[in-house]
Amino acid sequence: MQVAYAPDTEFDWPAIEVRALRKVYRGGVEAVKGIDFDVASGEVFGLLGPNAAGKSTTIGMLTTTVVPTSGCARLAGYDVVKEPRKARSVSSVVFQEAVVDGGLSGRANLDLHARLWGVPAATAATRIDELIEAFGVAELIDRPVESFSGGQRRRLEIARALVSQPQVLFLDEPTVGLDPRIRHELLDVIAALRSRRDTTILLTTHYLDEARRLCDRVAIIHQGEIAALDTPASLLAGLGPEILELRLDGDGDAALASLRSRGIATTDAFAIGSSLTIALDGRPAGEAIAAITDAGVRASGFMTRPPTLDDVYLRLTGAPIAQAA
Amino acid sequence: MSATAIRTGAMALRRPALTRRATALRTLAMRRAALTARNPRQIAVPLLTPILFATVIAPALSKALGGLHTHIDYIAFVSVGTVGLLVPLAAIFAGLSVIVDRHSGAQKELLAAPIPRALLVLSNLVVVLALATFQVIVLIAVAALRGGSFDITATGVFWFVAASVLFTVFMYGVAETLAARIPRQEEYIGATPAVAILPFFFAGALFPIHVLPGALAAFAKLLPLTHALALMRYGFVDHRGTGLHDIWGMTNATTEAWLSLGVVAMFATAFIALGIRTFKRSAVS
């Protein structure tokens with residue numbers, strides 16, 4: 001009998017453990033620059049950033065399709081380089097693009113996953129039936145997947161990933177390319193996964209509203225490095241309860257430099273094009289606007305609003321996430 | 001922090017390794033077979049040209065030129081020769097499926113599965129072998145109905161099957177290697193004539209290689225297809241082993257057959273290993 005690989009008892013390590021993980025592609029492009037993070041069992045963790053930030057490379061290393069240049073990563077204690085099959089046995093992936101056998105039925109796609117992940121046949125049959133019901137695909141499950149709509153296919157792919165009851169579930173940009181109605185439906189589906197406390201979820205996205213809604217903690221990744229890592233609430237708290245947004249007549253960078261030199265704007269303030277955003281830090285908006293006007297900065301419009309994760313991202317990276325994407 | 005560790009995901013790795021791999025291989029082969037069955041063209045198209053050769057061109061040439069002027073029936077000779085076109089086309093079609101899988105299929109899901117990645121190649125090979133077996137049986141049956149004269153014995157079946165299986169393994173290794181290295185379908189299809197069709201004209205598929213000029217005959221002897229066809233004919237058409245003598249120039253046909261089988265086996269082993277290695281390397285970055 002083969003030695004059992006999986007631990008038989010409870011374990012003490014994080015579900016995902018990443019240490020000094022680095023990837024340099026051929027040609028010298030350093031996509032990931034030695035990142036560190038842990039994800040606790042049952043946690044929903046978001047990896048935010050634009051395209052080319054290093055998210056997909058990080059997911060690739062964790063799912064053993066990209067070989068790290070240095071550093072290490074473990075899934076449920078299994079090293080992804082030294083024990084790749086064991087690491088894959090405890091995880092499932094929902095890929096950014098459609099990854100299905102379009103010519104086969106939805107049920108055949110689910111069944112294939114069950115067999116490859118070694119789910120006993122009787123268990124698989126029951127579980128697949130439960131997932132088909134839970135994900136609302138019962139009426140089309142025996143049709144070829146190529147006849148599914150984008151949203152139906154996405155539901156199927158998430159259901160498929162859950163057939164093996166993974167300890168770690170990777171959702172790589174799960175809502176990208178979907179129309180707004182289907183996207184919101186799918187967010188409800190993903191939000192429901194939060195109730196599965198025995199499944200750890202790593203979600204990548206460049207939709208910050210998704211991250212705020214779904215994630216316990218988020219890491220903002222920029223140019224291969226983690227620029228910030230905390231709960232969405234803590235990241236937002238860094239900008240205070242309210243921010244002031246100005247639409248300037250001139251150059252935002254010059255205005256920002258002027259306001260900083262006068263102590264009106266702090267390091268939390270940032271300028272994107274002709275738009276300037278300043279954390280109010282408890283000051284009344286009127287007082288701040290008066291100070292700005294006195295400093296000679298001309299604005300065509302002012303607006304106060306609560307900060308969003310987009311503001312956090314802009315402050316940290318200096319580029320709008322959608323623009324960078 | 002705590003979490004339950006006994007999960008079905010890990011169950012896959014708890015069974016004996018051999019059972020686990022056999023189950024995965026069967027699962028993957030069934031998947032490939034199901035996808036192939038949905039595409040009847042993949043089954044029928046490789047058969048068309050060989051059947052045309054066996055039922056139209058060979059009888060016509062035989063009638064016009066008087067055959068090979070030996071004890072060998074020309075229709076049977078060419079029918080076996082066209083296996084050298086049938087198998088490469090079947091293998092190339094199967095390789096095309098790998099590219100389709102990569103671009104619009106479930107290959108990424110399979111790469112994320114807790115199985116040895118070599119099984120993805122081997123499962124495709126199993127299906128190609130089954131498909132090629134079916135196609136060869138149809139070809140020989142059609143040729144026999146058209147008047148081809150075959151002399152099939154148990155020993156002959158051994159040589160025929162061994163040669164055709166090993167040649168199929170070799171050709172699928174070539175197809176898999178190309179599919180892993182060539183990014184787009186268009187480029188892959190562009191490579192087909194050089195890989196699947198050109199050797200057919202050098203390897204004595206339509207005529208014995210001794211009628212070729214010396215340099216071309218020497219080149220033909222280096223091709224695994226030449227050895228495979230000589231073996232298949234030794235099994236089904238010409239028990240004297242004329243084709244084997246043309247290659248080896250020895251007197252003992254059985255010794256020559258083993259030598260040729262060794263050559264085909266060597267190519268099969270080398271290229272399927274190369275195919276697996278290339279696939280595994282292309283699957284990760």
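From the N terminus on, the elements of chain B run α-α-α-α-α-α-α-α-α-α-α-α-α. Chain B thus contains 13 helices and zero strands, where helices (H or I, at least four residues) and strands (E, at least two) are DSSP runs numbered from the N terminus. The radius of gyration of chain B, 21 Å, is close to the 19 Å that the globule rule gives for 285 residues, so chain B is as compact as a globular protein of that length. This radius is taken over C-alpha atoms, and the rule is 2.2 Å times the number of residues to the power 0.38.

The model is predicted; local features need pLDDT of at least 70 and side-chain atom pairs pLDDT 80 or more, while totals for chains, interfaces and linings use all residues. Residues are numbered from 1 along each chain as its sequence is written, and chains are lettered from A and ligands numbered from 1 in the order in which they are written.

Along the principal axes, the C-alpha atoms of chain B fill a box of roughly 85 × 35 × 35 Å. Of its 285 residues, 49% count as buried, that is, with 20 or more other C-beta atoms, placed from the backbone, within 10 Å of their own.

In chain A, four strands form an open antiparallel sheet in the order 2-1-4-5; strands pair if DSSP finds at least two bridges between them. Strand 2 (30–39) and strand 5 (78–79) of chain A are the edge strands, each pairing on one side only. Strand 1 (residues 16–24) and strand 4 (residues 70–75) of chain A run antiparallel and are joined by five bridges. In strand 4 of chain A, A73(A) is the bridge partner of V18(A).

Technical notes
A residue is buried if 20 or more other C-beta atoms lie within 10 Å of its own, exposed if 12 or fewer, and partly exposed in between; C-beta atoms are placed from the backbone.
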